[in-house]
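Trainee: Could you walk me through this one while I have it open?
Mentor: Gladly, let us take it piece by piece.

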Amino acid sequence: MTDVVRPPRFESITAVRDGLRDVRYLADEGTAGVVYLADRLAKPVLVEGPAGTGKTQLAKSVAEMSGARLIRLQCYEGLDESKALYEWNYKKQLLRIQAQRVAEEQDAAGAGSWSDIEEDIFSEEFLLTRPLLEAIRATDPVVLLIDEVDRVEVETEALLLEILSDYQVSIPELGTVVATQIPLVFLTSNNTRELSEALKRRCLFLHIDYPDLEREREIVLARIPGIAEHLADQIVRIVRSIRSLELKKAPSVSETLDWARTLVLLGVESVDAEMARETLHILLKYQSDIAKAAKELGGPAPR
Amino acid sequence: MSGARLEEGSGGGLVDVLSGFVGELRAAGLPVSMTEHLDAMEAVGQIPLEDRVAFKYALGSTLVKNAAHWRAFETIFDVYFSPLGFIRVSVDDADGGGDRQLARAAELLDAERRDADAEMSALSAEELLELLYRALLAGDEELLAALARQAVDRFAGMEPGRPVGGTYYLYRTLRHLDLDGVRTGLMAASAAAVGVGTGSQDTEDAALSDLGERLVREEFDARIARLRRLIEAEIRRRLVADRGAQAMAKTLRKPLPEDVDFMHATQDELASLRRAIQPLTRRLAVRLARKRRHGRKGPLDFRNTVRHSLSYGGVPAEPKFRYPRPAKPEIVVIADISGSVAAFARFTLQLVHAISGQFSRVRSFVFIDGIDEVTSFFDGVEDISHAVHRVNTEADVIWVDGHSDYGHALETFWTRWGQQVTPRTSVILLGDARNNYHASQAWVVQELAKRARHLYWLNPEPRSYWDTGDSIVSQYGVFCDGVFECRNLRQLERFVEQLA
């Protein structure tokens, strides 16, 4: 652990919860505590849970509430260190060497030796920073979001380990870049594969599940301006009902919000079975799921 | 507010409790490393100890790194840090004067509860039920909690030192409460007084259209489930007080979903298995697809190498390789679906078909004493559990009496489908090989092994039971490329992965 002296970002757990509420993110009971701990212990948070429950949004909201810059690294298969950490600016290096040669030809004394050039072209001037290095080198407060970390291969995960535990990046030609301030790091995972033990051990683990009834209602009320309380209540009840079915993909919070938005736009005041059936395709994305839910809600499937 | 306080506290009470807690987590099968234990200690030093929720998540986020283990964690947490006991632990541990207030608060809370409970114990049983009914109707959390305490007090008949599990007391309590009757009553009440139950003014939909009724029913179900949990927690709290946390945690120890034994799974465990298998198949499919693509490199692609050498002035500086195209195996699953091993066969069929994309072809056969092909049940079906249900109800697997007869089933398989097994086929036999003392017909397995590429036998029984009683695994096993013990999802997953 590096000994970077820094004031804590958050006063207390309540402060985190209220702060998140102010940026319209309604955290469940555990989330605020884990974010608070992440700051105090200077540990990254690994956020896991079904798609569309606000994992990425959590990082964004924390950045917004603490006034920090969000640096995002979207993971994908085939991500490597030249995309995640740093890369040398080859073109610029080549130009530099060319320029040196020209200078040498003009100046017969041969001013610079090769070692000078080498030292020169592997200096910071020729370094292209990628998200991880950028987050480390930033002098202003930043939140680093490593999104969908389960998409990279197990071997690539190792790239992250140094930065996650020691907040530093080693560049062979240049030395080790140590963080000037410790960024708040969030990793999200959809759990398509088991992450390595080494990665998990370095993180605080937070599982975000579908919210319970009351919280989802609050989320709908907070996120959809002008929605009637009564309608919000009905919406979340129906969504809960649909989630209890065995579906391929249960409706997520973002889909609940889409649905609520649609119903408000349609000027619906109260959802009946027929209305629900006709707008099911907003909540559910598989035809078989839609048919199943429609059957459960009563009546034939919509065309 | 620092880690120092923990060590300076009276004899390091919390540190000891935490060590015991971590030990219990490990005993329950959760992988908790040394560093994670230290992290947890550091974490609890950072949070106000009187905040139980924060305390729980501080431990959870540092010790539990798998969402499937959260349930186990919660149970053990409740045993070790029950709400009232929790305040006491943190008070004992504190040495500052400011925490005296906390102690008083705890006492006050205790006293308040005692008052409420005393009031309630004066009620008759009928009045109590009436009160319960009203609490459920209104969804009054506090009243429900008090009622749960009272119900346990009255009906569970708990005696100190009696070696009975918590489920027994739970059963006794619930029997007196007649929750099914209460539920019917609640539904009727909400049908009569429209909209009362939902606590809002939604009159139109609660005119009990189908949808409205469904929603109201679910609301009541949720409240009753909540009551059940309260009662369970109350019983657990009392048992802990009686026997101590460690002993209690031991009796509550349950296997994690991936360790549940197929053959002895309860209804609840089967449900959790069904939930666990879907993400598992998805993970497995992703992993296998990746392995296929990223595995070894193919042989040198000469043409391509020469073509690329042109950009280096004819020097083959960058060798190019062919894409590997490993042949996908063809799978034949032959599964015993008689009573004892049915659950195992079902999960295996489900798993194999869910990742059928990794095989060139999957054919499934099921048998008891007759044998039937069920491949078509899985074709083009999106919902695999539905197909499995059809297998159980529609497949023609009874020949004489519906008792397992491996010999006859295998013989029939050989005469009807044996010729279709080719050197590209991997055959997987599933069953406990309990043959009811029929003829084994092991020659079929021998012939199959000759024709097929691989022949595996998966047995859901523990290895020590093999070849006891009417089990004849080894008679078949000698001809197989491998006989595997496959008692839980973990073992099944491992087998399927090495198969593809």
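**Strands, a helix and the contact**

Mentor: Val143(A) stands opposite Leu184(A) in strand β8(A), and four bridges join β5(A) to β8(A) (residues 184-189), the two running parallel; strands are DSSP runs of E of at least two residues, helices runs of H or I of at least four, numbered from the N terminus, and two strands pair if DSSP finds at least two bridges between them. This is a predicted model, in which local features need pLDDT of at least 70 and side-chain atom pairs count only at pLDDT 80 or more, while totals for chains, interfaces and linings use all residues. Residues are numbered from 1 along each chain as its sequence is written, with chains lettered from A and ligands numbered from 1 in the order in which they are written.

Trainee: And which residue does Leu73(A) stand opposite in β5(A)?
Mentor: Leu73(A) stands opposite Ile146(A), and six bridges join β2(A) (residues 69-74) to β5(A), again in parallel.

Trainee: Why is β5(A) largely enclosed?
Mentor: Because five of its six residues are buried, meaning that 20 or more other C-beta atoms, placed from the backbone, lie within 10 Å of a residue's own.

Trainee: Switching to chain B, which residues of α2(B) are buried?
Mentor: Leu14(B), Leu18(B), Phe21(B), Val22(B), Glu24(B) and Leu25(B) are; they cover an arc of only 160 degrees around the axis, taken from the directions from the helix axis to the C-beta atoms, which puts them on the same side of α2(B).

Trainee: What follows α2(B)?
Mentor: Gly29(B), whose phi is positive, near 100 degrees.

Key:
Buried ≥ 20, exposed ≤ 12 C-beta atoms within 10 Å, placed from the backbone.
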